[in-house]
Amino acid sequence: MTSESSFEEFINYIFDSRVYNYPSRRYLRDADNPLEVYDDDEFRKHYRLSKDSVVHILLPLLTNNINENDRGLPLTPILQVLIALRFYATGNFQIVCGDLHKISQSVVSKTVANISKRLALKSRQFIKFPALNETKRKFYRIAGFPGVIGCIDCTHIPIKNPSRARGEIFRNRKGWFSINVQIICGPQMEIYDIVVRWPGSVHDSRIFNNSRCCLRFEEGDLVGILVGDSGYAQTGFMYTPVLNPQTDPEHRYNRAHLITRNIIERVNGVLKRRFACLCRKLQNSTPNTCNIIVSCAVLHNVCLMTNEPELNPEIELENTVPNTQDSSRGSIIRSAFISRHFS
């Protein structure tokens, strides 16, 4: 054996990881693993979903290249998901969520933004209309209102003033800044459609008239009835209450309408109760705020899929600005419907 080859073998021996053990790079920071620390009930209380739902549904959904843009010491995928869930569930300032895992506020902010964007991009897998015939049957069993495929309403999500230049368009009629979010729900409180892009000053009817869902009804892609409050105009597919009922059929129609539409009020209450960040003034940028709202809607449907316990909702009863543009054609359509089904 030559001296040169012996020297090379010696160098390889010294730097062989099996002999000289360099400290491995740590990717998990000094934080307790919540999956091991909490039992099932405590975990669900903190993160709103069960361990199985997080590990078997959310983690595979969000882990593709989850760390590709991270620098330094990236967080593990499970910890990123749990940080975002904790933020959605508490609505506390991000620095508080960071303290829970001993992570800085900037890292938490970035993590929440990344996970929210990923969840929002997956929304069409979870937020969509199902088979309409079965939906009509389920709605009819609630209060005897025929042909219903969804209940519609808007709810205001409070935000900080986005900017001095454009801030006032986000100020709603109650005087605070918000995003006006349109939700269409099903008979079992599923979210079928959500629109998250309009400032708080915009009226509910304008949001619907400019939505993709309205276009689908007009083109015949969706066939059925939406039940809405008096903020919407009566049409062939949007049914609103009679403002001044005079006859027994009109009273029966209004009662069935009210009981059926109560589902959307419960959805708004459960959504904000389950994800308290929607009740607090979101401090994020407007794009991130919209992603957070859509993410909470996705998680709401995931909770229904996995039979997560429902938190007692605080039902929202917002004062509605009546739509005075009810056309005579709309009134005729509603009167004929009442005569046919409620006489």
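Where does R48 lie, and between which two helices? Select it: R48 sits in the loop between helix 3 (40-47) and helix 4 (51-62). Helices here are DSSP runs of H or I with at least four residues, strands are runs of E with at least two, and both are numbered from the N terminus.

Before moving on, a word on what you are looking at. This is a predicted model, where local features need pLDDT of at least 70 and side-chain atom pairs count only at pLDDT 80 or more, while totals for chains, interfaces and linings use all residues. Residues are numbered from 1 along each chain as its sequence is written, and side-chain values use heavy atoms, leaving out hydrogens and water.

Stay on R48 and check its backbone. Its phi is positive, about 75°, although R48 is not a glycine. Most residues other than glycine have a negative phi. R48 also counts as buried, because its relative accessibility is 17%; buried means under 20% relative accessible area, exposed over 50%, and partly exposed in between, using a 1.4 Å probe and protein chains only.

Next, jump to M189. You'll find M189 in the loop between strand 2 (178-185) and strand 3 (191-199). Here is another non-glycine residue with a positive phi, near 70°. Is M189 buried or exposed? At 6% relative accessibility, M189 counts as buried.

Now select helix 9 (residues 132-143) along with helix 12 (residues 248-274). They pack at an angle of about 125°, with their axes 9 Å apart. The axes are lines fitted to C-alpha atoms over the stretch in contact, and angles run from 0 to 180 degrees between N-to-C directions. Helix 9 and helix 12 are therefore oblique to each other, as angles under 35 degrees count as roughly parallel, over 145 as roughly antiparallel, 65 to 115 as roughly perpendicular and the rest as oblique.

Show side chains to see who makes the contact (heavy atoms within 4.5 Å). Helix 9 brings F139, I142 and A143, and helix 12 brings A256, I259, T260 and I263.
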